Amino acid sequence: MSHRTSARTRTAGKPPLVVITTGARDRAPGNGGRRGRCRAARLAALGSAVLTLAVVPSGASAAIVEPPPMPHVFTVFPDRDFVSVEGYDPGERLSVRVLRHGVQIGAATGEAGEEGIFEVNHPGGACWIGSTPDLMAGDTVVVAPAGSRDDVGEATTTADVHASPALDDAGRIVIKGTARNADGSPMDLALIEQRIVNPGFRDVSLPKRDIRAVSDGSGEGTLTRDPVGPDNPDGAKWTATYSRLTAAQRKAAVAGQTRVLAWQATDANGDRLGITIHEVGELGGPGFGGCPQGAAYAVTTSDHPAVTKAMIDAGAPLELSGVSQDASAVSVVLRDQDSNTPDITHAATTPAPAPGVAPATVAQTWTVTFTAAELASLADGTLTARGSYDVGPGTVNGKDLTLAKDVVAPGAPDATPGGGTYTGPQGVTLDKPDPASVIHYTANGTTPTAASPVAPAQLLVSSSQVIRAVAIDGVGNVSPVGTFAYTIMAPATGGGSATTGSGSTAAATGSGTAAALAPGVAQVLSAQARALGTLSVGNLTLARRISAARLRARGLRVAMRLPSGADTVRFALYRARNGKPTGSALVAGSRKPSRAGTYRLTLRSPSLLRKLKPGAYVVRVKAGSARSGQGPAASIAFTVTR
């Protein structure tokens, strides 16, 4: 877990307690002169760049700003596949995406901590989703409020900087490295700082846990560009030299960790914007237990989180993206969990860029598309996408991607008590046919969606209105709309008058708290809520696996315990898919029990039993009373075998 050490200084991983100044302005002596003039030139370029990115033409609605302006500090640690962002509001939900050649290869979501820091793939932070991306030079990290569109946010591009371990060369500590811009040209050394980190430096009379080399000579060491020549044709090589260290200090430097920092620009206050820290010797992959493994060859993302009914009905295709290294071709097979279903295999787009010349390694991305008709041919459940990668003369496999397919929408919600005319306010419970779904409702005449308020345990209806509700399951399938119209009449007592309300509900805002009520209404609602709560069916049981022959011989037998006051039992039997009721009820009805306690319901209708072919089914049962309405639904699933 990182610890805050100053306004813009933080500890970043191993070695322990090593302070890394990620977003701080340069406080070393000698910041004027040539560095000041270079900074002014860079600021002019930065100002133009930020304005170009941030100013949105009329009619447009979003932009990605790069590099991220203060107070947001982005730091990418590519060797550890670790990203740290800071300067956000505590508790703010953020989305972090990694793009390579415009294709998303990694993503994470979570909340900024108490100090406004959010970290991915670092102890105390969030994991990457699905697989840990192998962060490389040129990868772009985009951060935005969670739920934002893909064209909204702030970004930094991972710098192409590298360094060697420290070497004691005849009394001097020497570190070699390279620094290239995206076009391959040499990076401005004023945007680079080389460091050696070792907490033991304090034991050998050095004031800090690290020593630094910069191009203006203001640090403990000096950073210089190597001469252009046969060994440095593009001029990207540099050398950091520490000439004033004692023997003990040089020994500590060789034992320390070498790092090189690069940033995209500085602002008017000298703050570094868009930082990359290369750490020699660090290993990539999961940053702590429970995070997914990394993969150089992987199906990484899907343009839909799941295959749903709405997607199939609309004929929408599924696009998958992935990563590879030095692959000449990629094919992807998509399969379900049913061994009888044929696999669907497609060639992906040609991996880009093309493979490099050995020993160079080229990081690639690719996409592949499956049609709605192909998706419809696969069974509901878990779908697996597996890539096959042609690398040199052979083929390698990588990390799979799984996603859910569920094209069965939940049944429409029910209401207890149902719509009708009532004397006095009502406590209304919206029942969901699928226990895993969430009910959203409106009371203002509009059709509910996933953005509508979630129904509380009970809605307090104190005026005439229409409640509309939908059930939405875990993958986003939406049920038909349930509509319940209530007319609330005032009691016919002396001096009273019957009135109808405006159509709003006490919980219309989704908060679940009652609005201001007339004297006595709260007590009435409380009494009704207690009455409805006591009408729950208990101990609902039946044989979970029943043969068709046994059904024909004995009927379908359901046992339950009825609460005191129940004088009606309502039941419905549905076919089930993935444990959910589907379609219309095969049979629905009611019974009049003679007393509370154990009650056995037996369905013997020959026409019904003929409908119960081998497969999955669900029975829903409610207890009710003429005085208090119906209690909540209880469900139980069973399977008919041959």
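Author: What follows goes from the whole chain to single residues.
Author: This is a predicted model, in which local features need pLDDT of at least 70 and side-chain atom pairs count only at pLDDT 80 or more, while totals for chains, interfaces and linings use all residues. Residues are numbered from 1 along each chain as its sequence is written, and side-chain values use heavy atoms, with hydrogens and water left out.

Reader: How many helices and strands in the protein chain?
Author: The protein chain has 7 helices and 45 strands. Helices (H or I, at least four residues) and strands (E, at least two) are DSSP runs, numbered from the N terminus.

Reader: And what share of the residues is buried?
Author: 47% of the 642 residues in the protein chain are buried. Buried means under 20% relative accessible area, exposed means over 50%, and partly exposed is in between (1.4 Å probe, protein chains only).

Reader: Backbone next. Where are the cis peptide bonds you have?
Author: One joins M70 and P71, with omega about 15 degrees. P71 sits in the loop between β4 (64–65) and β5 (73–77). Another joins T416 and P417, with omega about -10 degrees. P417 is in the loop between β30 (414–416) and β31 (420–423).

Reader: Which residue other than glycine has a positive phi?
Author: A170 does, with phi near 55 degrees. A170 lies in the loop between β13 (167–169) and β14 (172–180). H101 is also not a glycine and has a positive phi of about 55 degrees. The loop holding H101 runs between β7 (93–100) and β8 (103–111).

Reader: Is H101 buried or exposed?
Author: H101 is exposed, because its relative accessible area is 52%. A170 is exposed too, with a relative accessible area of 77%.

Reader: Switching topic. What does S131 touch?
Author: Leaving out residues up to four places away in sequence, S131 touches P292, Q293, T300 and K399. S131 is in the loop between β9 (118–120) and β10 (140–145). At 5% relative accessibility, S131 counts as buried.

Reader: And A372, where is that?
Author: A372 is in helix α4 (residues 372–376). A372 is buried, since its relative accessible area is 11%. Apart from residues up to four places away in sequence, A372 touches I312, G315, A316 and P317.

Reader: How far is A372 from V307?
Author: Their C-alpha atoms are separated by 9.3 Å, and the two residues are 65 apart along the chain.

Reader: Last one, the surface. Which residues form the positive patch?
Author: R550, R554, R557 and R604 form a positive surface patch. Patches are made of residues with over 30% relative accessible area and no salt bridge, with like charges joined within 9 Å and nonpolar side chains (Val, Leu, Ile, Met, Phe, Trp, Tyr) within 5 Å. A salt bridge is a side-chain nitrogen of Lys or Arg within 4 Å of a carboxyl oxygen of Asp or Glu.

Reader: Where is R557 found?
Author: R557 is in strand β39 (residues 556–562). R557 is partly exposed, with a relative accessible area of 42%.

Conventions
Areas by Shrake-Rupley, 256 points an atom, 1.4 Å probe, with all protein chains shown as cover. Lys, Arg positive; Asp, Glu negative; His and termini not counted. Charge placed at Lys NZ, Arg CZ, Asp CG, Glu CD. Contact = heavy atoms within 4.5 Å.
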